[in-house]
Amino acid sequence: MWRRVALLSSSISSSFLAQTASRLNTWESLTTGIAQQAKGVIAPKEKTPFITFVLGGPGSGKGTQCIKIVETFGFAHLSAGDLLRREIASKSADGAMILNTIKEGKIVPSQVTVKLIQKEMELSDNHKFLIDGFPRTEENRVSFEQIIGVEPNVVLFFDCPEEEMVKRVLNRNEGRVDDNLETIKKRLTVFQALSLPVINYYSEKGKLYTIKAIGTEDEIFEQVRPIFAAFETVG
């Protein structure tokens, strides 16, 4: 399903460390902090934020791999889905709208999601952020860059066959409002239609790393580990 995406993906080669160093230097020269939307100013940080986007369809296993990345490399994990579900549970003004949008298999308005992510980033003492399940659309991507004021260092894409994703979601039994067959099919359709342009964009920017998300958790993580290990070496 994702064969044409995989052809565009960056590979980890013998020149990887040199490429990594170049990206990191470019990042440090372009940004000095996270933009605060409310005040319209840039808040200074002790360290330049290192941002990783984690993309993949529902059931692609990206959440499990995020846990392993956090444990191994010390990132702060921000799950867009969890933040939205937490907002629903809080019964805030946006909660009902978010719930109805998710039930319909649609994507929550970009500014709502970015606002939740921004709040978590500002509250965190960490400078390394693993943003899971975002951006899902080009509008998401543009909104993040405009509101937060930065681009990601790394974009991971967990490539998984559709039938495997459906099986995983139906078997996880976590009680999520969107974990049912009808909603899963809608989410997969939306993901294919709207997320592919985002994936292609970051591939063209040289920031995309495609992970073959089939196998055991440890086998999949062995594809992920060298990416972050290289950045740790440069840092």
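The questions and answers below concern a predicted model, and they move from an annotated site through the strands to the side-chain pairs.

Me: Which residues does UniProt list for "binding site", and where does Arg136 lie?
Reply: The unreviewed UniProt entry lists Arg85, Lys106, Ile107, Val108, Gly133, Phe134, Pro135, Arg136, Arg176 and Arg187 under "binding site". As for Arg136, its place is the loop between strand 5 (128-132) and helix 7 (138-148).

Me: Is Arg187 buried or exposed, and which residues, leaving aside neighbours within four places in sequence, are in contact with Arg136?
Reply: Arg187 belongs to helix 9 (residues 181-204), and with a relative accessible area of 13% it is buried. Arg136, by comparison, has a relative accessible area of 23% and is partly exposed. Once its neighbours within four places in sequence are left aside, the residues in contact with Arg136 are Ile107, Arg187, Val190, Leu194, Ser195 and Val198.

Me: In which sense does strand 3 pair with strand 5, and which residue in strand 6 stands opposite Val54?
Reply: Strand 3 pairs with strand 5 in the parallel sense, over five bridges, and within strand 5 the bridge partner of Phe53 is Ile131. Strand 3 also pairs in the parallel sense with strand 6 (residues 154-159), again over five bridges. In strand 6, the residue opposite Val54 is Leu156.

Me: How many residues apart are Asp82 and Arg85 in helix 4, and how many residues apart are Glu120 and Arg86?
Reply: The side chains of Asp82 and Arg85 form a salt bridge at 3.0 Å, N to O, and because these residues are three apart in helix 4 (residues 80-89), about one helical turn separates them. Glu120 and Arg86 also meet through their side chains in a salt bridge, at 2.5 Å from N to O. That pair links distant parts of the chain, since Glu120 is in helix 6 (residues 110-123) and Arg86 in helix 4, and the separation is 34 residues.

Me: Which parts of the chain does the pair of Lys128 and Glu232 tie together?
Reply: Lys128 and Glu232 meet in a side-chain salt bridge at 3.0 Å, N to O. Lys128 lies in strand 5 and Glu232 in helix 10 (residues 217-234), so the pair ties together parts that are 104 residues apart in sequence. Lys128 is buried, with a relative accessible area of 12%, whereas Glu232 is partly exposed, at 41%.

Me: Which residues do salt bridges that share partners join into one network?
Reply: Glu145, which is in helix 7, is buried, with a relative accessible area of 18%. Not counting residues up to four places away in sequence, Glu145 touches Val150, Glu151, Tyr201 and Tyr202. The network formed by salt bridges that share partners joins Glu138, Arg141 and Glu145.

Me: How many aromatic pairs does a search of the whole structure find, and why do Phe53 and Tyr202 count as edge-to-face?
Reply: Searching the whole structure gives nine aromatic pairs. In one of them, the rings of Phe53 and Phe144 have centres 5.0 Å apart and planes at 80°, so the pair is edge-to-face; it links Phe53 in strand 3 with Phe144 in helix 7, 91 residues apart. The rings of Phe53 and Tyr202 have centres 6.0 Å apart, and because their planes stand at 65°, this pair too is edge-to-face.

Note on methods
Residues numbered from 1 in each chain as written. Predicted model: local features only at pLDDT ≥ 70, side-chain atom pairs only at ≥ 80, totals over all residues. Heavy atoms only, no water. UniProt positions renumbered as here; feature names shortened; annotations may be inferred. Helix = DSSP H or I, 4+ residues; strand = E, 2+ residues; numbered from the N terminus. Buried < 20%, exposed > 50% of the residue type's maximum accessible area, 1.4 Å probe, protein only. Contact = heavy atoms within 4.5 Å. Pairing = 2+ DSSP bridges. Salt bridge = Lys/Arg side-chain N within 4 Å of Asp/Glu carboxyl O. Phe/Tyr/Trp six-rings, centres within 6.5 Å; stacked < 30°, edge-to-face > 60°.
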